[in-house]
Amino acid sequence: MDNPDDVTVFRMGPGCDLSDVGEGKVYIGRVQGFANFGTFVQLNDRVKGLVHKSNVKTTHKERETILVRVRTIRPNGNIDLEEVTYPVYTVEMVERKSSSVLLAELSGKVGKTVMIEGEIAQIKQTSGPTIFTIVDESGTENAAAFVEAGVRAYPEAELEDIVRIVGEVMLRNNQVQIEVESLSILSGSEEEEVKERIETALEKRAEPEDIPLLVESAVLQKLQPAMRKAARIIRKAVFSAQPIILRHHADADGICSAVAIEQAVTALIRESGGDFDADYFLFKRAPSKAPFYEIEDITRDLDFALKDHIRYGQKLPLILLTDNGSTEEDLPSLKMAKVYGLSLVVIDHHHPDEIVDQYLAAHVNPYHVEGDFGITAGMLGTEVARLINPRVEQYIRHIPAIAGFGDRSEAPERARYHELVRETYTEEDCKNIALSLDYEQFWLRFNDGREIVKDILGLTANTVRHKGLIALLVEGANAAIEDQMNACMPHVRQQTLQNGAELFLLDVEIHAHKFTFPPPGKTSGEVHDRLCRKNVGSPVVTIGFGPDFAVLRSRGVMMNIPKMVRELRDEIPGGGISGGGHLVVGSIKFVEGMREEVLKGMIEKISRVPAGF
Ligand code: MN
């Protein structure tokens, strides 16, 4: 320091603490106050030292800037300073070198006291401590704070606050947990800094791996950006401990799409830390009876989500819809979700209505890239699942083939997906599994049957149970279908339309068993399949109707059911018409007193569409 021009003086940045202070170094300080024995000087908002009166060189006022050299840092953290003066010097900023520990590193620090920084993702009051679930850029862990049994610790700390916690790392039930000694809510630039650090890291971590598709497919190739976007949003929800609700159509294809994603998400939740049963309360799967997200569904989902938010301090959920969610029918629910600020992701192969997109954070749909329903939801779900978590691929590779057979896909992709697994699953196996899913879902009603469905899809190690279960379910389903066909086939009425199509009509209300398997939709489907086999070479339309609904299936007729339904709604006032579905398979609802008019109008429309092969 012989040449005064070489003097470097440090300025402590915000967020720097004692560990950033170096003995012998000179800092820019600010006079904080005076005592008999000397002057208190702040180096920043959180670090201060004392210049003993024997080391004060000039006279000062409060808040004045002075230069101080650090003489010693005592073991108790007190800093002894001396005042220095230089005519010329260079200022260098001290950036905080984060002394906090990443949550992912905690398992190696059991028994040590650490400092962590992160976002509060959940606050749960137990009968003992308050459990804060903390998320940082590396993972999720719990911090337990105790004041008194059952009393909320740090009541000022709220969901999504950015906090700094100091505490000892412990193992509780084999899970890492921090016993909180101090918790402070960060604000201002410190909060911003940590928030940004977590956000940047989360964005990076949420980016899916660059992996090829399971099969060759021009449509799926074009859908990759949309699938990656959906996967990114889902991964980010998992890494920030946001609950996920997955709603899906309650048929084999819908179940397949949802279960593939369920496997990926639950494994990712378990990998990323937190509670041992986090994959149960952070992920919920539920079938929707209708092939769209009904008001009944969103109402139920919102009801639970809001209660969990209040009771268990959970974030509001991300909603995933598979094999439904892309049509006008979904609008009322999507609007409801918007009121509550819920984020929605749709993975569907129903013909989409553009109007839904303003409500969706991501939408994967083959129709967006000149594909069609032949790329089933189960295929899409499996590809998205691999992007969410590539490690589950080996368990879910067979799911697209089952979905393809279940939804009667005739796209070339079905054969390619089947090719992947045909050594283990023959075409008959796939069809049997699909039928078992439909049959079991009937008895599960509104439940997801997570574990039973895993057995049906062969996702558990117990292959004996899988095989036994499939054999039993297929036997039960086929017996029930046979019974239903024996009852209803003699009542089918036939009529040849002017476009050459054979039309078959069946009143499923009075000529089929009710409230049992197969339900009206599937009953009509079975009838249609049988009639198609009997009328090889002819275009076929089958309508199964009840008092206030009709289910349509067609082969070789260029129908657009959603469009027909909309036209009828406008043409028949007082018909109370709604409905939709796929282009050639769908359903329509109306008021009972208008059934004849609606059916007549529909048949007229069908007879005017081109038919033939
Ligand atoms: Mn489907």
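In this predicted model, Trp443 is partly exposed, with a relative accessible area of 45%, whereas Phe442 is buried, at a relative accessible area of 11%, which lies under the 20% cut-off. The ring centres of Phe442 and Trp443 are 4.9 Å apart and the planes stand at 85 degrees, over the 60 degrees required, so the pair is classed as edge-to-face. Phe442 also forms an edge-to-face pair with Phe517, at 6.0 Å centre to centre and with 70 degrees between the planes. This second pair links distant parts of the chain, since Phe442 belongs to helix α11 (residues 427-444) and Phe517 to the loop between β19 (502-507) and α14 (520-534), 75 residues apart; both residues are buried. Together with Tyr439, the residues Phe442, Trp443 and Phe517 are linked by ring pairs into a cluster.

Charged side chains also lie over aromatic rings: Arg205 is placed over the face of Phe239, 3.8 Å from the ring centre, and the charged end of Arg450 sits over the ring of Tyr280, 4.1 Å from its centre.

Asp253 in helix α3 (residues 252-271) and Asp323 in the loop between β15 (318-322) and α6 (331-339) are 70 residues apart, and both are buried.

The largest nonpolar core comprises 97 residues, of which Ile244, Val265, Ile388, Leu437 and Leu457 touch the most other members; its largest share, 12 residues, comes from α3. Apart from this core lies another, of 26 residues, including Leu552 and Met602.

Terms used: Residues are numbered from 1 along each chain as its sequence is written. This is a predicted model: local features need pLDDT of at least 70, side-chain atom pairs count only at pLDDT 80 or more; totals for chains, interfaces and linings use all residues. Side-chain values use heavy atoms; hydrogens and water are left out. Helices (H or I, at least four residues) and strands (E, at least two) are DSSP runs, numbered from the N terminus. Buried means under 20% relative accessible area, exposed over 50%, partly exposed in between (1.4 Å probe, protein chains only). A nonpolar core is a set of buried Ala, Val, Leu, Ile, Met, Phe, Trp, Tyr and Cys residues joined through side-chain atoms within 4.5 Å. Rings of Phe, Tyr and Trp (its six-membered ring) pair if their centres lie within 6.5 Å; planes under 30 degrees apart count as stacked, over 60 as edge-to-face and the rest as tilted. A charge sits over a ring if NZ of Lys or CZ of Arg is within 6 Å of the ring centre and within 35 degrees of the ring normal.
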